[in-house]
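The structure comes first, and the text follows.

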Amino acid sequence: MEQILATKFFIPPLRRKALPRQRLFSILDRGCEMACSLFLLSAPAGTGKTTLLTSWLRERRLQDEVVWLSLDAEDNDAARFWAYFFEAVRRKLPQIDIDASLVYRPSATEGGIRSLLSVFLNATVSLNPEKPLVVVLDDFHLVQSPEISADMAYLIEQAPEHFHLFLLSRTDPLFPLSRFRLEGLMVEIRDRDLRFTPQETWAFFDEVLHLSLTELQAARLQERTEGWVAGLQLAGMSLANRADVDTFINTFSGDNRYIADYLFEESLAGLDDEERQFLYQTAILNQFNASLCAHLTGLPLARTAEFLERLEHGNFFLIPLDDAHEWYRYHHLGADLLRVQAQVRFSEVEIRRLHSAASDWYADRKLADDAIRHAAAAGDIERLVQLVTDNIPAAIYHYEVKTAERWLSLIPADVVDSNMNLLLGHAYLYHLIGQAEKVPPYLPKVERLLREKPFASEAEQNRHEGHWNALRFFTLVHQEQLDQALPLGELAVAQLPLDNIARLWMMTSLANMYLWHGDVNQAESLARAAVDASLVQHLKIEAINAYIVLAHVVFVQGHLRDEFAYYEQALALDPKVAGDYSPYSCITLTRMASNYRWAHDLEKAYTYAQRGMQLAERWREGESLLECQIELAMVLCAMREFDRSLALLEAAKRSAKQHSPWYLGQVGHREMYVLAQQAMEENRSLAVPLAWAREKYRSVPRPIPAVQKPVMMSAALLLALSHEVDKAMDLVHTLEQEERNNGRLSMLYMLLPIKALVQYHTGHSDDAFLTLDEIIAPAVAEGSIQHFLDMHAPMLDLLQAYDKARPRNVYIPRLLAAFGAKQEGYHLSKDGLVEELTARELEILEMISLGYTNAEIAEKLFLAETTVKKHISNIFGKLGVKKRTQAVQRGRELKLLA
């Protein structure tokens with residue numbers, strides 16, 4: 001989003017004493033008493049809607065607390081509209097702190113904005129119910145988006161009793177107004193209500209304009225203008241310079257448009273030529289200050305400031321937009337009439353020159369939308385292309401879809417097809433809003449320009465080729481052609497500039513791709529680089545995504561404690577919404593639940609999984625919700641609540657069929673896993689899951705595809721538990737070799753216990769114990785024990801035999817305790833090891849025993865020396881010692897060291 005315009009939050013001041021319109025005030029008061037959510041002031045320009053509302057707010061002493069937002073045509077973009085809406089709320093009600101950046105997400109632009117509205121409504125409930133919460137949207141007729149209207153209707157229907165939304169509009173909004181009327185949700189004030197009565201007209205001239213008219217003259221003016229307040233005001237401006245009131249009143253007639261033209265001309269007669277010229281020149285502007293006016297007119301800054309002050313004091317339809325009276329706009333009626341006059345008086349060349357000057361001024365101040373609008377009005381295609389090219393990346397990044405589409409639509413199609421940046425802008429826009437099928441037609445056009453167009457430098461060529469390759473990469477991923485996508489992704493990362501946002505998107509996507517292909521080291525390197533680059537550029541959302549990828553990488557490597565730490569860092573970056581987590585944390589919380597599940601801390605696992613799912617449901621995060629449902633189901637399985645687990649998986653299956661078919665396989669194998677766990681727990685037949693496992697064994701291709709590995713892991717376990725040892729060991733050996741080659745230790749935490757179980761129950765106890773020797777220490781130290789428990793009594797038998805064969809192994813008691821078994825022989829006393837050392841701490845303890853200094857340990861392990869000191873402090877605490885020599889001695893006593 002471009003720079004926030006604070007003037008949009010400013011309540012237009014009353015330029016003079018306003019005529020108290022008690023008959024209309026009473027309508028507004030009654031609506032508040034009846035807890036109406038919607039107050040619709042719908043009438044043409046110049047009917048006094050804004051004056052009525054601002055005078056009522058002042059009369060009721062609400063003007064300092066009202067949330068006010070003045071809209072313009074650019075706010076028809078849903079992302080921009082809601083960003084300004086929540087920013088307006090935050091500025092006036094800081095206790096309702098909803099980060100406006102949250103609207104810039106695909107799910108928000110697809111209707112998920114209601115999640116934010118729910119947060120907003122919940123927050124309003126906590127406010128003082130005795131105090132009305134007034135939100136005003138001025139010029140709502142400029143918002144024609146059906147999506148915005150639908151969400152606004154939702155807000156109106158769900159609002160608490162003390163919430164009142166005022167819409168000032170020239171036309172009726174796209175709401176179900178008939179239903180709102182029947183349900184008593186709305187108050188309406190229309191043109192007929194706003195028209196001045198003869199008595200109000202006389203009071204207006206006497207008390208407000210200080211012009212002495214007889215009641216008969218006022219009645220005739222009311223009749224001529226039909227009580228139209230803008231016409232009365234224009235008449236008053238003209239009468240200020242006349243003595244022949246009756247003659248003036250008798251000389252005009254007709255409808256409002258002709259009256260306005262006539263009276264406007266009459267009012268201009270009181271200005272000198274320079275002032276009129278100033279008005280015509282500045283009429284092209286939506287809002288302006290003295291600096292902008294000076295740039296357009298060529299007048300000195302002091303002179304334009306003087307004009308603005310004089311016009312404001314002269315009540316010439318000039319409305320200040322801030323307390324300092326620096327920014328102004330013309331009343332809409334006045335602006336329309338001035339523009340008509342300007343078209344008559346100025347040549348097309350002069351009009352274009354004025355728009356071009358305005359574009360330059362806005363561009364210098366980084367106000368992209370105004371700069372682009374005026375460049376288009378000036379017909380300066382070259383300037384327009386440059387401005388759109390410079391600003392389209394930010395609009396796309398913030399999901400300002402309508403704004404980006406509007407900018408691109410201003411440029412002729414033949415110009416777009418010959419401009420690399422514009423083609424890329426179109427393609428990235430469709431990719432990011434989830435319309436990937438619209439991207440391929442742009443790729444050959446980009447390729448053609450890459451071949452035909454000369455580049456100013458090698459860096460420019462690399463950048464454009466990098467974007468082309470990135471788009472090809474994303475397209476192939478969307479088409480599930482992953483092997484072809486990988487080299488394009490590598491090329492794109494190498495070609496794109498370091499500070500380019502597309503490069504960050506590519507880095508996290510490519511890190512996942514490396515992980516998919518088994519290159520864990522490359523995945524880790526790229527994920528860490530993405531984290532660092534995101535933090536350096538202060539891009540929190542990209543940093544969160546990069547931390548999630550990095551956490552998954554270290555999980556695959558078997559470092560579950562490091563995984564949890566990275567998730568905590570991702571949570572720390574979360575842009576909170578009214579004190580709660582944003583949608584960006586759905587996956588983070590769910591993955592933390594998984595971490596707790598592996599560690600058999602099921603209470604925390606359940607809490608985190610539920611929290612992640614609640615967020616996903618609130619924010620309508622489709623695929624995130626699927627992952628949350630699956631993880632919560634697995635937590636419930638570990639808690640032995642099988643019926644709830646299976647019901648949740650069934651819901652996930654229905655959702656996957658509708659939204660993400662890829663997840664069907666992920667749900668399916670977990671369903672079989674839960675059925676198997678239920679059968680083992682309740683001593684039932686394993687026939688159904690075993691039949692599934694046999695079918696998977698027969699049909700899986702070799703080598704086993706990455707997507708099938710978790711499925712085959714479940715199949716291997718089921719085959720092992722059913723004593724189909726040959727098939728189980730075949731799968732285990734195949735998977736084990738691949739996982740060892742790829743450095744995927746977390747998979748070995750699950751595979752090797754299956755292997756040991758098969759070895760033990762086929763009479764190869766020594767081999768089974770050797771397998772456990774390899775895996776128990778790192779698995780339990782990292783907190784990966786749930787999969788041992790999921791092998792039920794067969795694994796318990798093995799562990800008890802192992803405990804006798806390997807007495808005083810420090811990790812066995814925790815596993816046996818998790819099974820709920822009584823251990824024979826070795827018990828962990830209060831004077832023993834209070835908490836297991838992590839794999840990293842065991843590594844550092846070993847290096848201490850070899851005589852390495854802190855600095856040497858830090859260098860060899862690629863850690864900061866302060867981090868090494870912290871690890872050593874933890875080691876001392878767990879071992880109950882104070883010195884390095886004591887730590888080594890205690891480690892040997894506990895057989896942690898050779």
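Arg21 is buried, with a relative accessibility of 4%; buried means under 20% relative accessible area, exposed over 50%, and partly exposed in between, with a 1.4 Å probe and protein chains only. The side chain of Arg21 meets that of Glu200 in a salt bridge, at 3.2 Å from N to O. This pair links distant parts of the chain, since Glu200 belongs to helix 8 and Arg21 to the segment before helix 1 (22-33), 179 residues apart. Glu200 also counts as buried, at 13% relative accessibility.

The model is predicted: local features need pLDDT of at least 70, side-chain atom pairs count only at pLDDT 80 or more, and totals for chains, interfaces and linings use all residues. Residues are numbered from 1 along each chain as its sequence is written, and side-chain values use heavy atoms, with hydrogens and water left out.

**Salt bridges**

A salt bridge is a side-chain nitrogen of Lys or Arg within 4 Å of a carboxyl oxygen of Asp or Glu. The count by this rule is 54 salt bridges.

| Pair | Closest N and O atoms | Relative accessibility |
| Arg90 and Glu87 | 2.7 Å | Arg90 32%, Glu87 11% |
| Lys709 and Glu738 | 2.9 Å | Lys709 7%, Glu738 16% |

Arg90 and Glu87 are both in helix 3 (residues 78-92), three residues apart, about one turn of the helix. Helices (H or I, at least four residues) and strands (E, at least two) are DSSP runs, numbered from the N terminus. Arg90 is partly exposed, whereas Glu87 is buried.

Lys709 forms a salt bridge with Glu738. The two residues connect distant parts of the chain, with Lys709 in helix 36 and Glu738 in helix 37 (residues 725-742), 29 residues apart. Lys709 is buried, and Glu738 is buried.

Salt bridges also join Glu274, Glu275, Arg303, Glu306 and Arg310 in a network.

**Cavities**

On a 1 Å grid over the protein atoms alone, a cavity is a set of points where a 1.4 Å probe fits but cannot get out, and lining residues have an atom within 4 Å of a point. Grid points are joined across faces, edges and corners, and a volume is the space filled by probe spheres set on the points. There are six cavities of 30 Å³ or more by this rule.

The largest cavity has a volume of about 580 Å³. Its lining is made up of 36 residues, and Gly48, Lys49, Thr50, Thr51 and His331 lie nearest its centre. Helix 2 (49-59), strand 4 (163-169), helix 8 (198-208) and helix 10 (229-239) each supply at least two lining residues. Helix 2 gives the largest share, six residues. By class, the lining has 16 nonpolar, 12 polar and eight charged residues; Ala, Val, Leu, Ile, Met, Phe, Trp, Tyr, Cys and Pro count as nonpolar, Asp, Glu, Lys and Arg as charged, and the others, Gly among them, as polar.

The second largest cavity has a volume of about 60 Å³. Its lining residues are Ala720, Leu721, His723, Val725, Leu757, Val758, His761 and Pro794. Six of the lining residues are nonpolar, two are polar and none is charged.

Key
On a 1 Å grid over the protein atoms alone, a cavity is a set of points where a 1.4 Å probe fits but cannot get out, and a pocket is an open set with protein on both sides within 12 Å along at least five of seven lines; lining residues have an atom within 4 Å of a point.
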